[in-house]
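The structure is shown first.

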Amino acid sequence: MLLEILLPNRCAACEVPGPALCIGCRDALIRLAPPLCARCGSPGAWPVRRCVECSGRRLGFACARAAIVYDARARRLVQSWKERGQRRLAREAAALVAETLARPDVAALAFVPADAGRALERGHRPAEALADQLGRLWELPVQRLVGRGRAVERQRGLGLKERRRNVAGAFVSARASPTRVCLIDDVYASGATAAAAASALRRGGARRVEVVTFARAVR
Ligand SMILES: [Zn+2]
Ligand SMILES: [Zn+2]
């Protein structure tokens with residue numbers, strides 16, 4: 001990308017000149033490790049099948065896992081990834097995911113599609129770029145299985161209930177899905193986006209949807 005050529009190389013999280021993610025920041029990112037909620041991947045004191053965060057919710061996916069905690073450092077990293085559209089960051093993120101999570105037992109990777117306006121505005125699609133890089137590392141095909149339905153408001157600043165309402169119906173099945181599929185996104189915040197996109201995959205024929213994201217908000 002043009003921006004990658006124009007911008008001096010610096011760490012996306014701390015701005016120190018050098019690689020896209022400096023060693024100090026890479027080491028400081030908090031890996032999500034068990035015990036986790038088997039369903040939504042929220043960390044806790046012991047392993048559970050459901051947790052306060054996900055019990056009673058219809059999620060559409062069987063399980064969600066992430067590589068790192070979405071803390072302030074991870075947020076800066078993801079912001080700069082989205083704004084600058086750095087392909088090098090997609091590679092770094094994919095490497096961290098593949099280091100932390102086992103390759104999912106699925107036939108293909110799908111991704112949460114960027115909405116057309118925002119993808120143009122940034123010239124970049126982080127979830128798709130992450131899926132492409134993970135597809136290489138895990139040797140899995142990446143398929144465009146989820147499409148955008150009606151336009152949604154920005155999720156940032158909305159409460160949990162509003163987020164869920166906001167994304168319901170935001171995604172459509174773009175084409176027939178394999179039975180087992182893994183959905184890729186950059187950040188798992190409330191789970192509302194992943195749940196809505198997973199439902200679209202199920203409408204397309206998926207029987208089991210696993211979700212993998214780079215980072216996960218931890219309450
Ligand atoms: Zn750094
Ligand atoms: Zn849970």
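## Basis

This is a predicted model, in which local features need pLDDT of at least 70 and side-chain atom pairs count only at pLDDT 80 or more, while totals for chains, interfaces and linings use all residues. Residues are numbered from 1 along each chain as its sequence is written, chains are lettered from A and ligands numbered from 1 in the order in which they are written, and side-chain values use heavy atoms, with hydrogens and water left out.

## Zinc sites

Donors are N, O and S atoms within 2.8 Å of the metal (3.2 Å for Na, K and Ca), and sites may look incomplete because water is not among the atoms.

Around the zinc ion (ligand 2), Cys37 (SG), Cys40 (SG), Cys51 (SG) and Cys54 (SG) coordinate at 2.3 to 2.4 Å. Here the donor residues follow the spacing C-x2-C-x10-C-x2-C. The angles subtended by the 4 donor atoms are 98 to 115°, which makes this arrangement tetrahedral. Ideal angles for four tetrahedral donors are 109.5 degrees.

## Helices α3 and α4

Helix α3 (residues 72-84) and helix α4 (residues 87-100) have axes that come within 9 Å and cross at roughly 140°. That makes α3 oblique to α4. Helices are DSSP runs (H or I, at least four residues), numbered from the N terminus. Axes are lines fitted to C-alpha atoms over the stretch in contact, with angles from 0 to 180 degrees between N-to-C directions. Angles under 35 degrees count as roughly parallel, over 145 as roughly antiparallel, 65 to 115 as roughly perpendicular and the rest as oblique.

Leu77, Ser80 and Trp81 in α3 meet Leu89, Ala90 and Ala93 in α4, contact being heavy atoms within 4.5 Å. By class this contact has 5 nonpolar, 1 polar and no charged residues (Ala, Val, Leu, Ile, Met, Phe, Trp, Tyr, Cys and Pro count as nonpolar, Asp, Glu, Lys and Arg as charged, the others, Gly among them, as polar).

## Helices α7 and α8

The axes of helix α7 (residues 160-167) and helix α8 (residues 192-203) come within 9 Å, crossing at roughly 25°. That makes α7 roughly parallel to α8. In their contact, Arg163, Arg164 and Val167 of α7 meet Ala192, Thr193 and Ala196 of α8. These residues divide into 3 nonpolar, 1 polar and 2 charged.

Note on methods: Helices (H or I, at least four residues) and strands (E, at least two) are DSSP runs, numbered from the N terminus. Four donors count as tetrahedral if all angles lie between 85 and 135 degrees; four count as square planar and six as octahedral if opposite donors are over 155 degrees apart and all others between 65 and 115; anything else is irregular.
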